[in-house]
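These are my notebook entries on a structure that I looked up chain by chain. I record below what I examined in each place.

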There are 4 protein chains.
Amino acid sequence: MKHLTKAIAIIAITCMSFITLQKKTKVVFFGDSITQQGAGKNGYIPKMDSLIKLQGLGENYELVGAGVSGNRVYDLYLRIEEDVLAKKPDVVVIYIGINDVWHKTTTGTGTEPKKYEQFYRAIIKKLQAQNIKVIVCTPNVIGERNDVTNLQDGDLNFYSKMVRNMAQSLSLPVCDLRVAFADYLKANNPNNADKGILTVDGVHLTSAGNLLVASEMWKTIYAATK
Amino acid sequence: MKHLTKAIAIIAITCMSFITLQKKTKVVFFGDSITQQGAGKNGYIPKMDSLIKLQGLGENYELVGAGVSGNRVYDLYLRIEEDVLAKKPDVVVIYIGINDVWHKTTTGTGTEPKKYEQFYRAIIKKLQAQNIKVIVCTPNVIGERNDVTNLQDGDLNFYSKMVRNMAQSLSLPVCDLRVAFADYLKANNPNNADKGILTVDGVHLTSAGNLLVASEMWKTIYAATK
Amino acid sequence: MKHLTKAIAIIAITCMSFITLQKKTKVVFFGDSITQQGAGKNGYIPKMDSLIKLQGLGENYELVGAGVSGNRVYDLYLRIEEDVLAKKPDVVVIYIGINDVWHKTTTGTGTEPKKYEQFYRAIIKKLQAQNIKVIVCTPNVIGERNDVTNLQDGDLNFYSKMVRNMAQSLSLPVCDLRVAFADYLKANNPNNADKGILTVDGVHLTSAGNLLVASEMWKTIYAATK
Amino acid sequence: MKHLTKAIAIIAITCMSFITLQKKTKVVFFGDSITQQGAGKNGYIPKMDSLIKLQGLGENYELVGAGVSGNRVYDLYLRIEEDVLAKKPDVVVIYIGINDVWHKTTTGTGTEPKKYEQFYRAIIKKLQAQNIKVIVCTPNVIGERNDVTNLQDGDLNFYSKMVRNMAQSLSLPVCDLRVAFADYLKANNPNNADKGILTVDGVHLTSAGNLLVASEMWKTIYAATK
């Protein structure tokens, strides 16, 4: 009887370990059209999946896209229950801000800095209330010129700074896409083109752009979850 | 004993009636700076209170302002729990849209029509889930010229139509401030001034403007609650 | 000899009269992309030419396009010498204002009302200094909805009113395209579409739109030159 | 007699020299409200006059303001004959571009880059046709933050680059106010304020701002005219 009990205990522990091993870290990417496209073929999410598998961690992570075209920060807040919380993620990567800045100069429907931060913090609060780990990203580019002559470079810098400050005050990891893109374009945009390197139109990502996002985000996710 | 019981019963019933009579209909006004100012001295809320008392219904209604300067429709959604639901109102009057339209042309931070309707409906849904009676208002004016030459007349008409359509599809009473202001200005703005009649600056209300809002809203509230 | 001289004189005078009869009224259409396209196949200028020929006046008028895509009123002023005065027209039809209004809400590069009038008057002055007859047009539409809900209906009404007032103060004929388009759309846009009737995109003209412009302008030109 | 003739000749030559010495270099400052205010008490023009006198060159230069509030580049073109050419200047300093950029984000009435350059070149051409020496300035600041987070820093950099490129292609001296202001603010804006150092409101100059403009412009003018 004693042996049998012991055997059962061993089996049980093994099974539990197995189940524990099987429990993947679920990462939801919460954003706009860049993330919506990022979930598609050649998008940053499948590319990140490949990076993870290369690192031999394919069994440990489940990546889920939650991007909707045209979203500003307040749209994320409106759909957070249904599109994020309902999926019970372990980690949420928030990548929002391009439309909040961009559409100030297209249709006059951007988002004030104060409101951007207010909604951003409200989103973080809702995620943290569910013990979800939150990673934030700075908004990368609107235009690819590398001499600070893109129309909204000043404003993107301002919103990026807000994101960094928020992250610092809340002790959250930051994936600084703005810096990563700037560094890449400094080195790889010799003709100072305003699009065509990392983006097709100044905003939406090329394959190279998706790879850069995948790589930068994965570094941050890995550091935050390993 | 019998008499005593009877007496107590009568007293109890009387008290209950009294309590019932005392139960006021609580109306919350949910909006932007116009409503924030509307709750102040000479604002539309105290003016409406006077109108109600004149009608001998002073004991029946309690009016509460919940306006915050600079608010767009999504800001209402962000603060609805704290600023409205927590107050347990019987009726909520939603009066929002001026900044959603106006700030397209000032700081580029207005609200897209689709988003305006989406958040507006989300607000109504949250209110109705608490059995709160909802009244909606059309956004009145940005500029007072009465020959359809104000910069944003077309857009205000568009958003007003959205409000009317939403109200119809959800069977909600509408307080059509846009029509009320247009009618008033048709009759009372002989020099076609762009401000100074119902507003001090094209948007924020004069005493006459506050009285017009008070009177129009009260008609709608009374019809919906009598 | 005397008879011969007389005969020659008569022939000469007849020839001169004939040449005088042959002198066509040259009309230059001065505007933006609508006029640039209007000079093309199916544009309003060839359509007007057909209308003139139908009326049997084909020998009397020469129609010349001078439209450049993206032009605001100040662009006309910049190129008036080269593109208009150098052509020695008898009549100039100024049709400008769509971009001055429209681009306020697209790229933030519209034209202030005060500046619109200032440059418009400077153009008229330069034309009148050459004894050129000037005809002005109101800016027709940005969006075809017929219930005054197009984004910039208010502003277009305002600029149209400026054009009418200028014309009145300078005793110039007006081709009121704004009214003509509004009337047409009232009758022929039963579904309140925002494009597809007189314009392909809310601004640039369909064949029907070009015909309406041709017909309205021709009425004004004929009245001013017959 | 010979001596007398000689004496007269000497006197005559001396007088002519004197007259020649008396011929001051007339410098017209052609710009917007910054220049309009710059011509007032404590403005950059009287400050420059003081600098010139300190250098002992007070007799050599005449400084004339030609700034009009709200001007974009095309407004300069409209009023160049009356306000500049009629004054027969030797040197014209063109300082324009703030409103062309700024009003994209306030009233939607900025100026497209292409048009900015087109009108700028047309102005230069008109000045050079009169053998006037032309000096151009880069547009300095809209907001004083020194970490490239001002709303329109990217766009101002873009327009400044256009000015530098134009100047290079036309071999004109440039007064690079954008660089001068950036350098100053790097050293003298420790709290990264958005106004209050060189400007009162992010655009219009303080006494320190006027002094910096006076000093920078004078260096360029002196180098171009000595």
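**Entry 1: a helix of chain A**

I listed the buried residues of α6(A) and found A:Lys115, A:Tyr116, A:Phe119, A:Tyr120, A:Ala122, A:Ile123, A:Ile124 and A:Leu127. I took buried to mean under 20% relative accessible area, exposed over 50% and partly exposed in between, with a 1.4 Å probe and protein chains only. An α-helix has 3.6 residues a turn, so residues three or four places apart point the same way. Helix α6 of chain A covers residues 113-128, has 16 residues and reaches 22 Å from its first C-alpha to its last, close to the 22 Å expected at 1.5 Å a residue. The expected span is 1.5 Å times one less than the number of residues.

**Basis of the entries**

I note that this is a predicted model, in which local features need pLDDT of at least 70 and side-chain atom pairs count only at pLDDT 80 or more, whereas totals for chains, interfaces and linings use all residues. Residues are numbered from 1 along each chain as its sequence is written, chains are lettered from A and ligands numbered from 1 in the order in which they are written, and side-chain values use heavy atoms, without hydrogens and water.

**Entry 2: chain A as a whole**

I found nine helices and five strands in chain A; these are DSSP runs numbered from the N terminus (helices H or I, at least four residues; strands E, at least two). The C-alpha trace of chain A spans about 80 × 35 × 30 Å along its principal axes. Of its 226 residues, 52% count as buried.

**Entry 3: a loop residue of chain C**

I located C:Leu172 in the loop between α7 (153-170) and β5 (174-175) of chain C. C:Leu172 counts as buried because its relative accessibility is 11%. Leaving aside neighbours within four places in sequence, I found C:Leu172 in contact with C:Ile124, C:Gln128, C:Val134, C:Val136 and C:Ala167, contact meaning heavy atoms within 4.5 Å. C:Leu172 and C:Ala224 are 52 residues apart in sequence and 9.3 Å apart in space, C-alpha to C-alpha.

**Entry 4: two helices of chain D**

I looked up the axes of α8 (residues 177-188) and α9 (residues 207-225) of chain D, which come within 11 Å and cross at roughly 130°. On the α8(D) side, the contact is made by D:Leu177, D:Ala180, D:Phe181 and D:Tyr184. On the α9(D) side, D:Ala208, D:Gly209, D:Leu212, D:Val213, D:Glu216 and D:Met217 make it.

Terms used. Axes fitted to C-alpha atoms, helices over the stretch in contact; angles between N-to-C directions.
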